Amino acid sequence: MIGVSHYLILSGILFSIGFIGVLRRKNLLMLFFATEVMLNAVNIAFTAIGKYYNDLGGQMFAFFVIAVAASEVAVGLGLLIVLFKKHGSLDLDTIAEMKG
């Protein structure tokens, strides 16, 4: 039987994968993907703990995190398109260079 510990282990693994992706951050698009993986890991943990305690608070909080993540993606992708048109690349090293 799958218990709450299995979900929390899965959530920890996904969060670790996302955190490693954020630390590597070579491409801005991959940085957004890694952030989404981390948010989904937190959603799994909230939902599992809410189910374990028979409380809808975890599911409701996960729903709001999903809503915030969706708006973050909408605004973030718009900014990525503008940055790509301006710099021709989404590589953080080339964007961070100061040009006079």
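Guide: Start with Gly18, which is buried because its relative accessible area is 1%, and buried means under 20%. Keep in mind that this is a predicted model. Gly18 lies in helix H1. Now look across to Ala74. Gly18 and Ala74 are 56 residues apart in sequence. In space, their C-alpha atoms are 19 Å apart.

Is Ile17 buried or exposed? Ile17 is exposed, because its relative accessible area is 51% and exposed means over 50%. Compare its position with the start of the chain. Ile17 and Met1 are 16 residues apart along the chain. Their C-alpha atoms are separated by 25 Å.

Step forward instead, to Phe19. Helix H1 holds Phe19 too. Its relative accessibility is 41%, so Phe19 counts as partly exposed. Phe19 and Met38 are 19 residues apart in sequence. From C-alpha to C-alpha, the two are 6.9 Å apart in space.

Follow the chain onward to Arg25. Arg25 sits in the loop between H1 and H2. Its phi is near 25°. That is a positive value, and Arg25 is a residue other than glycine. With 47% relative accessibility, Arg25 counts as partly exposed.

Now turn to the largest pocket. Its volume is about 150 Å³. Which elements give two or more residues to its lining? They are helix H1, residues 4-24, and helix H2, residues 28-52. H2 provides the largest share of the lining, with five residues. Among the lining residues are Met1, Tyr7, Ile44, Lys51 and Tyr52. By class, the lining has seven nonpolar residues, two polar and one charged.

Stay with H2 and look at its packing. Two packed helices are described by the angle between their axes and the distance between the axes. H2 packs with helix H3, residues 57-87, at an angle of about 175°. The two axes are 9 Å apart. Angles over 145 degrees count as roughly antiparallel, so H2 and H3 are roughly antiparallel to each other. Their contact has 14 nonpolar residues, six polar and three charged.

Between these two helices, stop at Asn54. Asn54 is in the loop between H2 and H3. It is not a glycine, yet its phi is positive, about 55°. Its relative accessibility is 69%, so Asn54 counts as exposed.

How many aromatic pairs does a search of the whole structure find? The search finds three. One of the pairs joins Tyr52 and Tyr53, and it is edge-to-face. The ring centres of Tyr52 and Tyr53 are 5.1 Å apart, with 75° between the planes. Both Tyr52 and Tyr53 are exposed. Tyr52 also belongs to the pocket lining.

Another pair is formed by Phe63 and Phe64. This pair is edge-to-face as well.

Terms used. Residues numbered from 1 in each chain as written. Predicted model: local features only at pLDDT ≥ 70, side-chain atom pairs only at ≥ 80, totals over all residues. Heavy atoms only, no water. 1 Å grid on protein atoms, 1.4 Å probe; cavity = no way out; pocket = protein on both sides within 12 Å on 5 of 7 lines; lining within 4 Å. Points joined across faces, edges and corners; volume = space filled by probe spheres on them. Helix = DSSP H or I, 4+ residues; strand = E, 2+ residues; numbered from the N terminus. Nonpolar A, V, L, I, M, F, W, Y, C, P; charged D, E, K, R; others polar. Axes fitted to C-alpha atoms, helices over the stretch in contact; angles between N-to-C directions. Parallel < 35°, antiparallel > 145°, perpendicular 65-115°, else oblique. Phe/Tyr/Trp six-rings, centres within 6.5 Å; stacked < 30°, edge-to-face > 60°. Buried < 20%, exposed > 50% of the residue type's maximum accessible area, 1.4 Å probe, protein only.
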